[in-house]
Amino acid sequence: MEFWKGQLGHLLILAADDKCSMEVATVGGINALVTLARKCKHEGVQEQSARALANLAAHGDSNTNNAAVGQEAGALEALVLLIRSQHDTVRQEAAGALWNLSFDDRNREGIALAGGVEALVALAHSCSNASPSLQERAAGALWGLSVSEANSIAIGREGGVAPLIALARSQTEDVHETAAGALWNLAFNPGNALRIVEDGGVPALIHLCSSSLSKMARFMAALALAYMFDGRMDEYALVGSSAEGGSKSVGLERARRMALKHIETFVLTFADPQAFSAAALSSAPAPLAQVIESARILEAGHLRCSGAEIGRFVSMLRNQSPVLKACAAFALLQFTVPGGRHAPHHVNLLQVSGAPRVLRAAAAAASAPLEAKIFARIVLRNLEHHQIDSAA
C-alpha cells in the first residue's frame, strides 16, 4: 500500500503541472487513477486518486485533460461514489474533482447521469460542521453543475436550495462566495427562485450583498436577487388558494422592496459621484474610463454567461424598476469590459440579440437613473471596442 501511495504522490505532482499533466494523460495515467479510485478501499489512496484527477481536470483552458477525464470509462461514477465516503478528506477531493470537471458541458451531463446531483446535494446537507475546504468544494461542484438548466432544476427538486443558503451564511469568504454563485445560477429558474424565498434565502443574500468583503460574493448575490424579483417568479408565487396567494403576495412584495433597496445600495458603491458627473457632462472617452476604473470587478471577467442569461439582463434594461435597469447595465459592463476572459463571447451574444438598440434606449431614457445611463453607454463603448479589435 505504501508503494501505491508513493506512486500516487509522484502523479499528484505531475498532474498539477500543465505540461506534465498532458504526458500523464498520454501514457495512461487517467485510466490508472480511475482504476485506483474505483477499486481501492484504502482512504489514503482514494483521497490521492481523487486529488490527482482534480489536478488533471484543472487545466481545461490549456489542454484536453478535463474532457479526457470525463470520457474515461467509470471516472465520473467513481468520483460520485467517493462523494458518499465516510471520510471527509476523500469527499473533499472528490467534490473538488467534480467541480473542476463540471466546467465541461459533456461532463456536467455525465455527472448528473451518474447520480452526481443527488450525491452533491446530500454532501451539502451533511457538511454544515465540516471544514471550510469541504464546504467550498461542495458548493462549488453544485455551482458548476447548475450552469445547465436541467441540472439547476434537478438541484432545486432534490432539496439543494436550503443547504446552499446555509453555506451562503458562512463567515468564510470562499464558502459563501461559491454558495452565492450556485444560488445565482439556481435563481435563474423561477421555480428555484421561489424556493430560495421560501427557504429564507432573501435575508442571506441581502446580507452577502451588503456585508461580504468579497466583491464577487456581493455581485453574485445582487444578481441572484435581481433574477428573483424581475417579475418572472410571480406566476409561480401565486399558485394555491386565493387566501394563501394574497398572503404570499404581500410577503413577496415586502421581500422585493428589501431586495431592491440593497441591490441599489450595492450598485451605488461602484458609482463614484465625481466620475459620474464628469461622464454625464461629456462624451469624451476619458470620463467613461474613470467610471470603469471605479466600477470594474476584475474577477467578474472570469464568469461566462449563456445567451439566455445575457438576454435576461437585456430584458431587465426594459424593466419598470430603475434599480433593475441599473443593475442590468452594471452586470453587462462587467461581462463586456475589454480584457475579460469571456468578453468576446458576451459581446457576440449581445450583438446577435440586437442589444445595442436596447442599450442606446437605456442610455438616452429621461426616466432612467444616471448610473443606468452611464453604465449603458460604457457597454456600448465596449461593444464598439470589440468590433474594432475584430476588424483589425
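The model is predicted, so local features need pLDDT of at least 70 and side-chain atom pairs pLDDT 80 or more, while totals for chains, interfaces and linings use all residues. Residues are numbered from 1 along each chain as its sequence is written, and side-chain values use heavy atoms, without hydrogens and water.

**Aromatic rings**
- The whole structure holds 12 aromatic pairs (rings of Phe, Tyr and Trp, the last by its six-membered ring, with centres within 6.5 Å; planes under 30 degrees apart are stacked, over 60 edge-to-face, the rest tilted).
- Tryptophan 184 and tyrosine 227 are stacked, at 6.5 Å centre to centre and 25 degrees between the planes.
- Tryptophan 184 is in helix H13 and tyrosine 227 in helix H16, so their pair ties together parts 43 residues apart in sequence (helices are DSSP runs of H or I, at least four residues, numbered from the N terminus).
- Phenylalanine 188 and tyrosine 227 are edge-to-face because their planes meet at 80 degrees, with centres 5.3 Å apart.
- Both phenylalanine 188 and tyrosine 227 are buried (under 20% relative accessible area; exposed is over 50%, partly exposed in between; 1.4 Å probe, protein chains only).

**Arginine 218**
- Arginine 218 lies in helix H16, residues 215–228.
- Arginine 218 is buried without a salt bridge (a side-chain nitrogen of Lys or Arg within 4 Å of a carboxyl oxygen of Asp or Glu).
- Glutamate 173, the nearest side chain of opposite charge, is 9.6 Å from arginine 218 (Lys and Arg count as positive, Asp and Glu as negative; His and chain ends are not counted).

**Glutamine 320**
- Glutamine 320 is in the loop between helices H21 and H22.
- Glutamine 320 is exposed, with a relative accessible area of 77%.

How values were computed: Helices (H or I, at least four residues) and strands (E, at least two) are DSSP runs, numbered from the N terminus.
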